[in-house]
Amino acid sequence: MNILYFIIQQTMYFAIPLLIVAIGGMYAERSGVINIALEGIMVMGAFVGISFISIFQDSMNGQLLLILAILVSGVVGGIFSLLHAFASINMKADQTISGTALNMFAPAFAIYVARMVQGTQQIAFTDTFYISKVPVLGDIPVIGDMFFKNCYIITYIGIAIYLVAAYVIKNTKYGLRLRACGEHPGAADSVGVNVAKIRYSGVIVSGVLAGIGGIVFVVPTSTNFNATVAGYGFLAIAVLIFGQWRSNKILMAAFFFGIMKTLSSAYSAIPFLNALPVSSEIYKMFPYIATLVLLAFVSKNSQAPKAEGIPYDKSMR
Amino acid sequence: MKKINNERFVGLSASVLAILCGLLFGFILLLVTNPSQAVNGFLMIVQGGFTDGMKGIGDVLYYATPIIMTGLSVGFAFKTGLFNIGASGQFAAGAFAAVFVGIKWTFLPAGIHVIVCLIAAILAGALWGIVPGLLKAYFNVSEVISGIMMNYIGMSLVNLLIRTSIYDQLKNQSLPVAETAVLSKMGLNKVFDGANINAGIIIAVICVILVYIILEKTTFGFELKACGLNTNASKYAGINEKRNIVLSIVIAGALAGLGGALLYLAGSGKFLQVLDVVAPEGFAGISVALLGSSNPIGILFAGLFIGYITVGGYNMQLYGFVSEAIDIIIAAIVYCGALSLLFKTLIYKFQMKKRNKNNKKEEA
């Protein structure tokens, strides 16, 4: 039983950032803008957020600091994503180009600033956010052990973000308009929807969530930030495509990947896996191979937004 | 005819403007971080490879070689409408195959050995490319996601194979390759005064020419480009688009794989490291391809340009700057390249103004 709890707790660390960022990517892509810059935005969010923690950790403590840092990361991610929105919406640029530029910029900028300011590349922080047991809820048998022990507050923030984001895109007027802009912007425009505005909002939401995803990834898995989020932005894009641009499938994809990742990185703590005569690299490859195989089965009917990646040109309507 | 020339002129000047804007952004960055040394540091970037005379130029060519290859790989796939983000994995696969053959197959005579290494790299890269190609053509799996997955699989697999076959345990890296597997310096190191340059750059240039010929002068290249422009139209015209998708990524993979061989057989003291990092050369290739607007000749110059300011970035450290400034500048240039519409309209407007003025003069 303890092993099961351990796996679930670990899975949260990996799945929650993927979930948040992939949901963000969904907002951009369903509005019609491919956001390949998620990786760069995550790095940027994590960089500023962790710097914030590292500066204020002596004067502040615990959960409030973490929540403030998450807010800072989100704001930074949103602002950074404006660059992508401007290029792809106003300038009708090739969206992979500006996305790639942002992906290149963020880690270089993080290293440059960190080394210019403090001399070293790593930004260290003290993990004062770990919760060994949530009061009251942690005492519930089974469920308490699964979800309310050895955790971080970000797990619950992440799930809340997911629920809100999934609800908004499915059930609100704004969500409907956003989806319309990704499928047929001409039609949306003809009934008075401001396509540029909606697409801006989609990209900004993706930026905010990717920024948050960056810090959410770094805090539980490390005690310093080294200008990288280990390719999680790209994995989030994979989760997004794997989840067929639909929020409920993205949830499943993120947790599928999270579990795979947990098994591959924490296999040595799981007795029956550790006993197998398989080297660590095989375990590391496993999540990616499993995703590829699954994709081969589910991709035949791709449900990608139809107008994705195509700049909207009023004169072409 | 004149119209086409003007379009080319505008396109080229838009690229030059993008580069200038990127450099300007870099200068401002240096000014903000350290005003007293900014001018010196910036001059180092602009002088780039010319700072150290012939050795500097040789180093530019050495740095440019692998990223020209990955740039070609990404650019070639772009032409078929595919985004080969998997160039990193193909690069790593090629690098491993070359180094493996370079260490183990010492029974081959000198001269043949290095060629077999290169062929092994090409095959390994192509093999790494065929997976996303088949998945895309027959299972409709986005090549972006399968490319990303293949990058990670490649990274772990290469680490595993290095550790079990050609491992130097003390240094956590691959063993050195045999003398017979190192690319010939061809006397270039004498011309360029001790730089790490070797035959690799010549092979890269040959690849540029080959890719140019395939894309511009053959039916096969025409079909590839047609698939990239409009899949449905080309299907209707009787082009086998599935075969073309697979071939396009396979060739792209072969190019990236060869790039890996050229870097690790250079005899410059670079070894395959056992690290959990996806090869950065593949991602550099994306910016090279974008800077060169997927045109083989453009990619050659873009690769040389990035090699040039990379050397400048190393020299800049003399003045206390961090060499990552170069990556920031490249990112700014790529971003400005995305804004080419803005630049193009600016240039057109400028031309119109000039023409109007001339017309007025003639009238007067």
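Because the model is predicted, local features need pLDDT of at least 70 and side-chain atom pairs count only at pLDDT 80 or more, whereas totals for chains, interfaces and linings use all residues. Residues are numbered from 1 along each chain as its sequence is written, chains are lettered from A in the order in which they are written, and side-chain values use heavy atoms, with hydrogens and water left out.

The size of an interface is often given as the accessible area lost when the parts come together. Chain B and chain A bury about 4,000 Å² between them, 79% of it on carbon and sulfur atoms; buried area is the accessible area, taken with a 1.4 Å probe, that two parts lose on being put together, summed over both. On the side of chain B, Met149(B), Tyr152(B) and Tyr335(B) lose the most area to chain A, together 16% of what that side buries.

Between chain B and chain A the count is three salt bridges, a salt bridge being a side-chain nitrogen of Lys or Arg within 4 Å of a carboxyl oxygen of Asp or Glu. One salt bridge joins Asp276(B) to Lys284(A), with the closest N and O atoms 2.9 Å apart. A search of the whole structure finds nine salt bridges over all chains. The pair crosses between chains, from Asp276(B) in the loop between H11 and helix H12 (280–291) of chain B to Lys284(A) in helix H13 (residues 280–298) of chain A; helices (H or I, at least four residues) are DSSP runs, numbered from the N terminus.

Within chain B, the axes of helix H3 (residues 53–79) and helix H11 (residues 241–264) come within 8 Å and cross at roughly 175°. H3(B) is therefore roughly antiparallel to H11(B), a term for angles over 145 degrees; axes are lines fitted to C-alpha atoms over the stretch in contact, and angles run from 0 to 180 degrees between N-to-C directions. Among the residues that meet are Tyr62(B), Met69(B) and Phe76(B) in H3(B) and Ile251(B), Leu255(B) and Leu262(B) in H11(B). By class, this contact of H3(B) with H11(B) has 13 nonpolar, six polar and no charged residues.

Helix H8 (residues 200–217) of chain B also approaches H11(B), their axes coming within 10 Å and crossing at roughly 170°, so H8(B) is roughly antiparallel to H11(B). Here Gly200(B), Ile203(B), Ala204(B), Cys207(B) and Val211(B) in H8(B) meet Leu255(B), Leu258(B) and Leu262(B) in H11(B).

UniProt, in an unreviewed entry, lists "transmembrane region" for several stretches of chain B, including residues 111–131 and 328–347. Residues 111–131 of chain B are 95% helix and 0% strand, with end C-alpha atoms 32 Å apart.

Definitions and conventions:
Helix = DSSP H or I, 4+ residues; strand = E, 2+ residues; numbered from the N terminus. Parallel < 35°, antiparallel > 145°, perpendicular 65-115°, else oblique. Contact = heavy atoms within 4.5 Å. Nonpolar A, V, L, I, M, F, W, Y, C, P; charged D, E, K, R; others polar. UniProt positions renumbered as here; feature names shortened; annotations may be inferred.
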